Amino acid sequence: VEPGNTVHGQPDTWDPAAFEILIKGLSTKFGKDNLGISTFASMKLHPDALKIMLVAQPYVCMYAPQVYWFDNDPAIYLRNSLATWRAAGISTPIVATAQSYWDIGEGTPSQGVMEGKVKKLISDFTDDDWLKLIGLNWYHAGGQNNSNSGAMSDPMIAAIVAGRLNDKSYASPPPVVASV
């Protein structure tokens with residue numbers, strides 16, 4: 001969900017009332033505990049997205065901000081992104097969507113740089129930082145890659161395994177309350 005994102009040369013607009021009808025219907029159909037939304041990393045930089053995320057908050061169990069750190073220090077960028085969500089008044093749990101692919105044609109850093117950024121996140125994101133997330137989602141894992149473009153490389157996946165991210169102390173999601 002990316003309100004304000006440029007689509008066909010103009011900002012994409014979302015009607016909050018129509019969006020609430022949609023998200024409420026999805027939540028009713030699938031259950032709040034089965035519904036999350038992925039959107040921009042920073043609520044500070046995307047006021048249109050913030051409006052929509054606030055509308056969705058009662059109907060979703062989590063948000064998955066797209067924390068794509070191409071030109072940024074990954075730990076600092078993720079930390080700052082999370083802070084914008086909390087400063088905006090959003091308390092819903094967060095699963096960060098990290099992106100580590102490279103595409104020289106799109107102007108991203110090279111494979112080696114992106115591999116280094118994965119290692120840097122693992123070494124620099126502190127135990128206290130992990131507690132601000134209920135999980136981490138890696139976007140582009142498993143796709144084909146070469147030196148000009150790709151998904152996550154074998155060295156990236158090896159760094160994640162060696163960093164034992166599965167053993168980090170993530171925040172506990174709120175308990176699911178069954179309705180009868």
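Which exposed residues does the face of helix 4 turned away from its buried side carry?

1. That face carries Lys-119 and Ser-123, where exposed means over 50% relative accessible area, buried under 20% and partly exposed in between, with a 1.4 Å probe and protein chains only. The model is predicted, so local features need pLDDT of at least 70 and side-chain atom pairs count only at pLDDT 80 or more, while totals for chains, interfaces and linings use all residues. Residues are numbered from 1 along each chain as its sequence is written, and side-chain values use heavy atoms, with hydrogens and water left out.

2. Helix 4 (residues 111-124) has 14 residues and reaches 20 Å from its first C-alpha to its last, close to the 20 Å expected at 1.5 Å a residue, the expected span being 1.5 Å times one less than the number of residues. Helices (H or I, at least four residues) and strands (E, at least two) are DSSP runs, numbered from the N terminus.

3. The buried residues of helix 4 are Met-114, Glu-115, Lys-117, Val-118, Leu-121 and Ile-122. They cover an arc of only 155° around the axis, which puts them on the same side of helix 4; the arc is that of the directions from the helix axis to the C-beta atoms. Among the elements that cover these buried residues are helix 3 (74-87), strand 7 (135-139) and helix 6 (154-162).

4. Glu-115 deserves a separate remark, since this helix 4 residue is buried yet has no salt bridge, the nearest side chain of opposite charge being that of Lys-119, 6.5 Å away. A salt bridge here is a side-chain nitrogen of Lys or Arg within 4 Å of a carboxyl oxygen of Asp or Glu. The side chain of Glu-115 does make a polar contact with that of Ser-153, at 2.6 Å; such a contact is a pair of N or O atoms within 3.5 Å, where within protein one must be able to donate a hydrogen and the other to accept it, and residues adjacent in sequence count only if both atoms are side-chain atoms.

5. Asp-73 forms a salt bridge with Lys-120, with the closest N and O atoms 3.2 Å apart. Asp-73 lies in the loop between strand 4 (62-68) and helix 3, and Lys-120 in helix 4, so the pair ties together parts that are 47 residues apart in sequence. Asp-73, Lys-120 and Asp-124 are linked in a network of salt bridges.

6. Asp-129 forms a salt bridge with Arg-79, the closest N and O atoms being 2.8 Å apart. Asp-129 is buried, with a relative accessible area of 4%, whereas Arg-79, at 27% relative accessibility, counts as partly exposed.

Conventions: Contact means heavy atoms within 4.5 Å. Lys and Arg count as positive and Asp and Glu as negative; His and the chain ends are not counted.
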